[in-house]
Amino acid sequence: MGEEKIKILILEDNQDEISSLKATAERLSQEERFTFEFTPYSRLTSEVYETLVKYHFDFLIVDLTLENDQGTNQSGTDFINMVFKKFHVPIMINSWDPSIDIQENSLLKKFNNSVEDSDDLLVKYIIDIYKTWITKVLWRDWPINSTLTDLIYRWYLSDIKNRIYSSESFSSEESLSRYILAHLESRLSNNYKNFHPEEVYLKVSSSESENEKIKIKNWRIVKHLETQKYYLTMTPSCDLAQKKFENFLFVEIDPLNTIFWQDISDNVNSFNSSTNENERTKKREKIWNIINNKIWSFWIIIPKVSLFWWGMINLKKVCTIDSEIAEWRSDEKLFISWYEIIADISPLFMKDIVSKFWSYYNRQGTPDFEDWLFFKSFI
C-alpha cells in the first residue's frame, strides 16, 4: 500500500484538544505510511452538513455537546444516527465524560479523554480501521455505490415500467430489491479467490419488531440451549417457500476439538508449551488436509470467526424437527424455545455445502475389478 491520506472531520470546540490530536497523528504517521488531513469545526452548523455532502471523509471525531446555529446543544445521538444513515462515516467520540451512553461497535467507538494516552489510542484505532479499507468500500466512488450509480444512471433500468403490476401476491419493491441485489452480487462476487473467513457467515438482523414472528430460514446456524450442540438448517429452500414439508432438516456441527484433540487453542500456531514441534506440525497438517478435503469426506470444515467458533458440518449426523411446533421469535432470537440463532451461512458458500452434502449421499461406489484381468484388458 502506497502512502495514503486519512481525511478526518473534527467537531470540537476545544482548540487544545484539536492541537493535541493533530500532534499525535503527525507523530504516529511517521511510523506508518499515512498522512492525515483534518477539517475542524467548533459548532454544529449547516456548513458542517454541506461539507459532509460535498467532500469525502474517512472518519468523524465528535464532541457530543457542540452548540448548533441556535446556540443550543445538538443531540449527539441524533447527529450520529444521521451520519450513519446518510453518509456511512465511522465516528470516534472523544469525551471527558465516561458516563455517555452510546452503543458501540467497530465503526462507532467512544474514547475517554481522562485516560492516559487517549489520543494515541484514538489515532491508532483510526489507523487500524482504515487499513481494513471499509471507509473506501462504503464511499460513493467505490464498488457498492458506483455499482448502484451504474445501474440507475448508466444502465437506465430501462424496463422499469414493465414492473407496474397490481397483485396481492406480487411486490414490486421486493422484486426491484432482488434485481438490484443480483447486479451487486454479479459485479462484486465474480472473483472467487482470496476470500476472508468472515465472509462465510452473515449476522442475523435484530431490527424486526418484537411482536413479529420471523419465518424459518434456511442455512442458519442454531444452538440447542440444553445440549449446547450446534446445527445447520438444510431444508430445501423451495419446500420452505411453498410450505411443502413436514419437518425441518438439521445437520449437526461437531466442535473441532472433540474430533481431534483436547488442547487445541484459539490459534493453530499456539499450543501448550509441553507440546513438541513435531506434534504441532502434525496438528497443522491435519487441519490443512481437512481444509483441502484430503481426509474425511463426510465432514465440511467451517472457520472460526467473530460470529461463530470453527467446527465441522457432520454429514452423517442428520436429524429433523417437527414443523408444526417450530416458530421463530424475534424478541428472544429463539424458536421452539430451545434453540438460539447464531448466524446465517452466506449464499456463496451455501452452494458448496449443498454440493458436498448431495455428493456424499449420492455416492454409488465403483465395482472392484480383478486387478490382473483389468490390466490385461488394456494389452
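**Note on the predicted structure**

1. The place of T135 is in helix α5, in what is a predicted model. With a relative accessible area of 5%, T135 is buried, because the limit for that class is under 20%. Leaving aside residues up to four places away in sequence, T135 touches H56, D58, F59, P90 and Y130. The C-alpha atoms of T135 and I6 are separated by 9.6 Å, while the two residues are 129 apart along the chain.

2. W133 belongs to the loop between α4 (118-131) and α5 (134-137). Its phi is positive, about 70°, although W133 is not a glycine. W133 counts as partly exposed, at 28% relative accessibility. K136 lies over the face of W133, at 4.2 Å from the ring centre.

3. Q228 is another residue other than glycine with a positive phi, here near 65°. Q228 lies in the loop between β8 (220-224) and β9 (230-233). Its relative accessible area is 43%, and Q228 is therefore partly exposed, the class between 20% and 50%.

4. For the protein as a whole, there are twelve helices and 15 strands. Of the 379 residues, 37% are buried. Among contacts between residues at least 6 apart in sequence, 63% join residues at least 24 apart.

5. Which residues have the most contacts inside the largest nonpolar core? They are Y201, I221, L232, M234, I313 and I345, in a core of 29 residues. At least two residues of this core come from each of β10 (247-255), β11 (299-302), β12 (311-322), β15 (339-345) and α11. In soluble globular proteins, nonpolar side chains tend to be buried together.

6. I221 deserves a separate entry. Not counting residues up to four places away in sequence, I221 touches Y201, Y230, Y231, L232, I253, I302, F308, E340, I341, I342, A343 and I345. Among these partners, Y201, L232 and I345 are listed with I221 as residues with the most contacts inside the largest core.

7. Helix α11 covers residues 347-362, which is 16 residues. From its first C-alpha to its last, α11 reaches 22 Å, close to the 22 Å expected at 1.5 Å a residue. Its buried residues include M350, I353, F357 and Y360. These four are on the same side of α11, because they cover an arc of only 95° around the axis. The face turned away from that buried side carries the exposed residues K351, W358 and N362. An α-helix has 3.6 residues a turn, so residues three or four places apart point the same way.

8. V48, T51 and L52 are buried in α2. Seen down the axis, the buried residues of α2 fall within an arc of 100°, so they line one face of the helix. E50 and K54, on the other side of α2, are exposed.

9. The count of aromatic pairs comes to eleven. One of them is the stacked pair of F36 and F38, with 6.0 Å centre to centre and 15° between the planes. F36 counts as buried at 17% relative accessibility, and F38 likewise counts as buried at 18%.

10. How are the rings of F195 and F349 arranged, stacked or edge-to-face? The pair is edge-to-face, with 5.5 Å centre to centre and 90° between the planes. F195 lies in the loop between α7 (172-188) and β6 (201-202) and F349 in helix α11, so the pair ties together parts that are 154 residues apart in sequence. F195 is partly exposed, with a relative accessible area of 25%, and F349 is partly exposed as well, with 23%.

11. Two further points concern aromatic residues. F357, W358, Y360 and Y361 form one aromatic cluster; of its members, F357 and Y360 are buried in α11, whereas W358 is exposed. Elsewhere, the charged end of K316 sits over the ring of F298, 4.1 Å from its centre.

Notes
Residues are numbered from 1 along each chain as its sequence is written. This is a predicted model: local features need pLDDT of at least 70, side-chain atom pairs count only at pLDDT 80 or more; totals for chains, interfaces and linings use all residues. Side-chain values use heavy atoms; hydrogens and water are left out. The expected span of a helix is 1.5 Å times one less than its number of residues. Buried means under 20% relative accessible area, exposed over 50%, partly exposed in between (1.4 Å probe, protein chains only). The arc is that of the directions from the helix axis to the C-beta atoms. A nonpolar core is a set of buried Ala, Val, Leu, Ile, Met, Phe, Trp, Tyr and Cys residues joined through side-chain atoms within 4.5 Å. Contact means heavy atoms within 4.5 Å. Rings of Phe, Tyr and Trp (its six-membered ring) pair if their centres lie within 6.5 Å; planes under 30 degrees apart count as stacked, over 60 as edge-to-face and the rest as tilted. A charge sits over a ring if NZ of Lys or CZ of Arg is within 6 Å of the ring centre and within 35 degrees of the ring normal.
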